[in-house]
Amino acid sequence: MSINITIPLRKLGNSSTEISALGLGCWQFSNGKGLVGKFWASLDQADIKQIVEMSLDGGINWFDTAEIYGKGQSEKALATALKSIGKEADDALIATKWWPIMRTASSITNTIDARKQALDGRPITLYQIHQPFSFSSVQKEMEAMAELHRNKKIKHIGVSNFNAEKMKEAANVLKGEGLSLASNQVKYSLLDRRIEKNGVLEAAKQLGITIIAYSPLEQGILSGKFHKNPELVKKIKGPRKHMSFFKPSGLAKTQELIDLLEEKAIKYGVSQTQIALNWLIHFHGDTVVAIPGASKPHHVQENIGTLTFKLTEEDLHEIDEVSKQVAIF
Ligand SMILES: NC(=O)c1ccc[n+]([C@@H]2O[C@H](COP(=O)([O-])OP(=O)(O)OC[C@H]3O[C@@H](n4cnc5c(N)ncnc54)[C@H](OP(=O)(O)O)[C@@H]3O)[C@@H](O)[C@H]2O)c1
């Protein structure tokens, strides 16, 4: 069974900017550099170009990167790919992030030109505070972001990994500046349902804040490939193999969900990955968008297929039930 529909673009927060329900996560473009860049194996620029081009061809219109992803390597690789494909700013919106740890809010203003430079002068549609931990208050950070907005250095303001309280505080400070908080980027997948319990999702819905779901495939687990072939876990470069979902007990615990995703994949004539992503972008209406990363061009080729169908209400709820039973959080 396949229900083919055209999925319209969604508003980013309460703004008039329209984004696709999937963006591309670009942490994988870090080139093995910096604090968190070694998490993924290095990709060559030809593969990055292909991944970016396939994303755009498949209906993705925005890309999520960050200063900390290879100390600007990911931003540079993304900008290089977009230039070589000949894409204009309006065709490929960029969301990037300021790294707050061991810094004060003054660094938001002081480092923006470096971000612009890494992005080859491309506009920053969404600028996010990567983590809630810094030497400055949320108030000071939001004031600095508002100043960047006034100076036309960034279009929209977002946060990431903020709990409900801090997210509401950020939204409130921006309201005082005549602005609104566009998004909160948080970990959310069929195996991590914390935002449904800790008030983040509820507050986001009330305030019209877009939830950007990171690690939406639980870093590859929800594709089912590690369940089918557990030997693949041993070949992983980087720390993922030590994480609970990748251990034999984690694979055993999540098998029931993977089996259901496979059953639905057969029913819709799509892949398990597409079912997992489709659930994320539809279960809560338009509030949640997702940013799957791709280590190989064929990943993105598969993942963009998510945008071409919609799970029925009955299937959304059936997957919800099993997910709740096996989700670790
Ligand atoms: N704000 C934050 O603190 C934060 C934190 C984490 C991530 N992020 C953002 O979120 C994005 C996505 O999160 P993530 O990279 O952690 O996790 P993810 O999107 O859940 O997983 C991505 C990985 O899953 C595998 N994969 C993807 N598509 C696949 C497919 N169709 N079939 C089989 N395997 C597939 C690939 O890994 P292998 O092929 O290597 O197995 C890929 O690198 C990042 O790129 C980044 O932009 C933000």
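**Ligand shell and sheet**

Helix 14 gives the most to the shell around the ligand, supplying three residues. Helices here are DSSP runs (H or I) of at least four residues, strands are E runs of at least two, and both are numbered from the N terminus. This is a predicted model: local features need pLDDT of at least 70, side-chain atom pairs count only at pLDDT 80 or more, and totals for chains, interfaces and linings use all residues. Residues are numbered from 1 along each chain as its sequence is written, and side-chain values use heavy atoms, without hydrogens and water.

**Shell**
- The ligand is surrounded by 32 residues (a heavy atom within 4 Å).
- The closest are Gln28, Leu217, Lys225, Arg240 and Ser295.
- Helix 10 (225-228) and helix 14 (297-303) each supply at least two shell residues.
- By class, the shell has 10 nonpolar, 15 polar and seven charged residues. Asp, Glu, Lys and Arg count as charged; Ala, Val, Leu, Ile, Met, Phe, Trp, Tyr, Cys and Pro as nonpolar; the others, Gly among them, as polar.

**Contacts with ligand oxygen atoms**
- A polar side-chain atom of Arg240 lies 2.7 Å from a ligand oxygen.
- For Leu217, a backbone N or O atom lies 2.8 Å from a ligand oxygen.
- His130 places a polar side-chain atom 3.4 Å from a ligand oxygen.
- The protein covers 94% of the 910 Å² of accessible area (Shrake-Rupley, 1.4 Å probe) that the ligand has on its own.

- Eight strands form an open sheet in the order 3-4-5-6-7-8-9-10, with parallel pairing (at least two DSSP bridges between two strands).
- Strand 3 (24-25) and strand 10 (288-290) are the edge strands, each pairing on one side only.
- Strand 3 runs parallel to strand 4 (residues 62-64), joined by two bridges.
- Leu24 stands opposite Phe63 in strand 4.

Technical notes: Polar contact = N/O pair within 3.5 Å; in protein donor to acceptor, adjacent residues only side chain to side chain.
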